[in-house]
Amino acid sequence: MGKLLARPPVWPALMETALSQIQPDRLLLRTLKGEISPRPPFWLMRQAGRYLPEYREVRAQAGGFLDLCLNPDLATEVTLQPIRRYGMDAAILFSDILILPHALGQKVWFAEGEGPRLDPIRDQAGLDRLDVANLTARAEPVYEAVRRIRAALPDTVALIGFAGSPWTVATYMVEGAGSKEFLHAKGWAYANPAGFQRLIDLLVDTTVTHLSGQIEAGAEVVQLFDSWAGALAPAEFARWSIAPTRAIVRALKDKHPGVPVIGFPRGAGINIQAYVEQTGVDAVSLDTSVPLDWAATALQSRVPVQGNLDPLALVAGGEAMRRAATDILTTLGKGPFIFNLGHGIVQQTPPEHVAELARLIHDWPSA
Ligand SMILES: Cc1c2[nH]c(c1CCC(=O)O)Cc1[nH]c(c(CCC(=O)O)c1C)Cc1[nH]c(c(CCC(=O)O)c1C)Cc1[nH]c(c(C)c1CCC(=O)O)C2
């Protein structure tokens, strides 16, 4: 107190804001600072979605999937649905990684039952047609949803914003759809790396803008989804996954120093170690294939880890799910740890299995 009083009069007010931003009652934020808690915080990737009947009801009212993402009222409602049912420690903004290309003026649509479609961009002329200047205006409904979600959430629940990482978003922008081979994206990256670099650089800058918009609206943590990191050979992983992620983390740390970034380089194998060492992410999300003992020694000694229950174990439920979840909690729970899945919830997941998983974690370690 004595020290506070000795400062110029503007300081106590600033200090108060800084202290109130720490939100010590939010378990997820404490874990991201390195704290080890008796029971870890948990949330589930794709925790809002088609496995929930109440989501399907809202989805039917919304028109298209993008209309749902860009409707602040409905996006708020579906974000809160899993929190009401299961009491997760974090809500993740209901949106999509393809909102960014949409907000850049690329044509994006979701063909029913077929997944995302985009009008593909495969050269400099395509890049020149993107409309970077109007990004935040087009994405404004997303930031409005973040404000409403934060206002509606209980104090103990943290709010996570997100974006795709540049490589993963680029695969959709260049292929024009989901892909297994990445013929056009990899073709461009190998044949004309300097040209492809311009797309990646544009995505680094606009991802920082989009995540900053979410943070300024009330997101307290952000996650970068690099869903297709595992498709890259090591040299390309360094150039198209690690380097852009490092640039995004640096820029976010400049603008919003207290906001943790979780990286999710799905399928990266042992390259995940270089990712943790070189990108500056505050925590790393593990896909289902990462061995728990290895993660504890190679990764968790450096940063908090998140993951990595097989989403299909959650579909199966019963003893298989309990055993897999218990192994994860036992091994990774000794360090700073966020319980999650190794990838998104699948549509066929019975909601009561999620309820059982939530009980197991809430009761941990006494379960
Ligand atoms: C690659 C990717 C996308 N989107 C996303 C990724 C990265 C994570 C991953 O690898 O899964 C990220 C994403 N997509 C969605 C969220 C919402 C937040 C959450 O609850 O986790 C998040 C974090 C909602 C969504 N995004 C999508 C849905 C289903 C749309 C519907 O309701 O019909 C949801 C709930 C659509 C989507 N969006 C995308 C695809 C490939 C699809 C089609 C897949 C499908 O049809 O299930 C792109």
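This is a predicted model: local features need pLDDT of at least 70, side-chain atom pairs count only at pLDDT 80 or more; totals for chains, interfaces and linings use all residues.
Helix α14, which spans residues 234–255, lies across strands β5 (221–226) and β6 (261–265). Its direction runs at about 170° to that of β6.

- Follow the strands across and you will read the order β1-β4-β5-β6-β7-β8-β9, an open sheet of 7 strands with parallel pairing.
- At the edges sit β1 (90–92) and β9 (337–341), each of which pairs on one side only.
- On average, neighbouring strands of this sheet are turned by 25° against each other, ignoring direction.
- The parallel pairing of β1 with β4 is made over 3 bridges.
- To find part of that pairing yourself, look for Ala91, whose bridge partner in β4 is Leu159.

**Around the ligand**

- The ligand has 21 residues around it, and the ones that come nearest are Arg46, Ala48, Gly49, Phe225 and Ser227.

**A stretch marked in the record**

- In an unreviewed entry, UniProt places the feature "domain: Uroporphyrinogen decarboxylase (URO-D)" at residues 160–176.
- Over residues 160–176, the chain is 59% helix and 29% strand.
- The C-alpha atoms at the ends of residues 160–176 are 27 Å apart.

Notes. Residues are numbered from 1 along each chain as its sequence is written. A residue is near a molecule or strand if its C-beta atom, placed from the backbone, lies within 6 Å of it. UniProt positions are given in the numbering used here, feature names are shortened, and annotations may be inferred rather than shown by experiment. Helices (H or I, at least four residues) and strands (E, at least two) are DSSP runs, numbered from the N terminus. Two strands pair if DSSP finds at least two bridges between them. Axes are lines fitted to C-alpha atoms, for helices over the stretch in contact, and angles run from 0 to 180 degrees between N-to-C directions. Two residues are in contact if their C-beta atoms, placed from the backbone, lie within 7 Å.
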